[in-house]
Amino acid sequence: MRTSIRTDKQTFTRNNLLISGLLAALLGLSSMPGAAFDLKGVLKDAVEKQTGTQPAAPADSTAKQPEASTPAATASSEPAAAQTGDAGLKEINWKNPSKEEEIALGREIAGNLLGAAPLVKDAALQKYVNSVGRWVASQSERADLPWRFGVIESDDINAFATPGGYIMITKGLYRKLTNEAQLAGVLGHEIGHVVKKHQLKVLQKQQLLNIGAGFLSSKYAKDNKLISKAIGTGAEISARSLDKSAEYEADRLGLSYATRSGYEPYGLTEVLQIIGQTNKSDSSVALLFKTHPHPDERLVALGDAIGSKLDNIKGGKTLENRFYQLKN
Amino acid sequence: MRIKLKALLFAASLVPILHVQMAMSGEAGTALKNDTLRTEPFADAKSSGSFTRGENLDILKKQGAWLQVKAKKGTGWVRLLSVKRGTASTGSQTAGVLAAASGRAGTGQVVSTTGVRGLSEEDLKAAKFNEVEVKTLESYTLSADQGRQFANAGDLKTIAFSNLKAGKGDAK
């Protein structure tokens, strides 16, 4: 145990030299219009976290302070998170994570999401969604991943993807669907995020920034526990917005994968039409609308990308007859 | 008498057909972008008018990926992704129908109390890792072969189609 910490520190110091250079490059990027995400905000956040200067809200401080001061004690108080999280994630090569590391990271986030909303207890439903998802994923550029899909117990309208191929759709969204082509489109969108590593890239950048910020304050940077905590493998990554262009890209890929799979190509656009009709003040779409461009904008962007490319695509299936009906 | 009955049956058989067309006509829509109306549902058909973004439209008919709409400046066919179907009011009606279908409405009471829960940003931030649930999720993992069998059962056939690239109007 002790030796592993020591090697971590060594690699960490090595990384710092590399990363300070990378950090400078990243900061240069942030001045570009429409940079992928709010680099300055994340950096500020990271610095505050590392140095402990954040004027934390009461609820926040009770959750985070004890871990910062007594890392050893919390390791035993959160056995599940500590076992899975630290074992798989401590040695991640953040510059160029392997497929296994990516899956381990995605598993951690998926586990947190499932902690917020468990799977719907209906094995036939889960099997059905995995069948559709697996077939669509097989038409993607990353058919080799061990894709897994789940419907989670929530009336919110949303869907989530985590690195490595963990994809979850809420019961609230599933309820809005009327055929298999629509489900294929929704899952295709999430598969697109995984294929393009959208979430993984955000985590990588955040990690580089965290390490860079830690470098400024070496006292805290050496606290390995604090660093791994700051990586952000919790479900909050799923509450964060990706760049708009990442969402449009996932829409284009999702529609492309579903089309290649033999489905009616307009499944995803039908779902966007349905979601677009939901009242904005409805709490079930609050997070979705906060983290995604409005469905109307997504429809326009998809329409521009499609142009006449679907004019000769015929015979796509909707398969409403075998679409699995929710039990409640 | 016999002829009368036949006529009646014939008339009755028309009802559903008429109904289908009626159901479509008059559906409200909104223009998502400026676009040209066409006399037929083809990109190279003659122009029969135009509409501007945000304009209210009457959706008359759907044929494949095309909608026939009535706009301020003419009636004609347009690609379906240029139009947002429905309005806020029809949207809430739809929600009502869905609620009835899922057994959430009807008695005037909320049927299920345990199933109703959201998934807010706060919920996600406070979430704790659940090993049992992840293992269950992973237990459903299917192989590519199993996916193919499922596709075959539904007579799904792969087709060649390149990934769509960003259109010129794609906002950054």
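Okay, let's start with Lys197(A), which sits in the loop between α9 and α10 (198-216) of chain A. Helices here are DSSP runs of H or I with at least four residues, strands are E runs of at least two, and numbering goes from the N terminus. Before I go on: this is a predicted model, where local features need pLDDT of at least 70, side-chain atom pairs count only at pLDDT 80 or more, and totals for chains, interfaces and linings use all residues. Residues are numbered from 1 along each chain as its sequence is written, with chains lettered from A and ligands numbered from 1 in the order in which they are written.

Most residues other than glycine have a negative phi. Lys197(A) counts as partly exposed because it has 16 C-beta neighbours inside 10 Å; on that scale 20 or more is buried, 12 or fewer is exposed, partly exposed is in between, and the C-beta atoms are placed from the backbone.

Chain B has a case too: Asp155(B), not a glycine either, has a positive phi near 60°. You'll find Asp155(B) in the segment after α5 of chain B, and it's exposed, with 10 other C-beta atoms within 10 Å.

Asp145(B) is in that helix, α5 (residues 144-153) of chain B. Asp145(B) is exposed, again with 10 other C-beta atoms within 10 Å. From Asp145(B) to Phe51(B) it's 94 residues in sequence and 48 Å in space, C-alpha to C-alpha.

Back to chain A, and helix packing. α9 (residues 180-195) of chain A packs on α14(A) at about 90°, axes 7 Å apart; axes are lines fitted to C-alpha atoms, for helices over the stretch in contact, with angles from 0 to 180 degrees between N-to-C directions. That makes α9(A) roughly perpendicular to α14(A), a label that covers 65 to 115 degrees. On the α9(A) side, residues including Ala181(A), Gly185(A) and His189(A) meet α14(A) residues, among them Gly267(A) and Val271(A). Contact means C-beta atoms, placed from the backbone, within 7 Å.

Last, the interface. How many residues of chain A are in contact with chain B? It's 83, against 63 residues of chain B. Elements giving two or more residues to the chain A side include α5 (79-89), β1 (148-152) and α14 (267-276), while α16(A) brings the largest share, ten residues.

How values were computed: Two residues are in contact if their C-beta atoms, placed from the backbone, lie within 7 Å. Angles under 35 degrees count as roughly parallel, over 145 as roughly antiparallel, 65 to 115 as roughly perpendicular and the rest as oblique.
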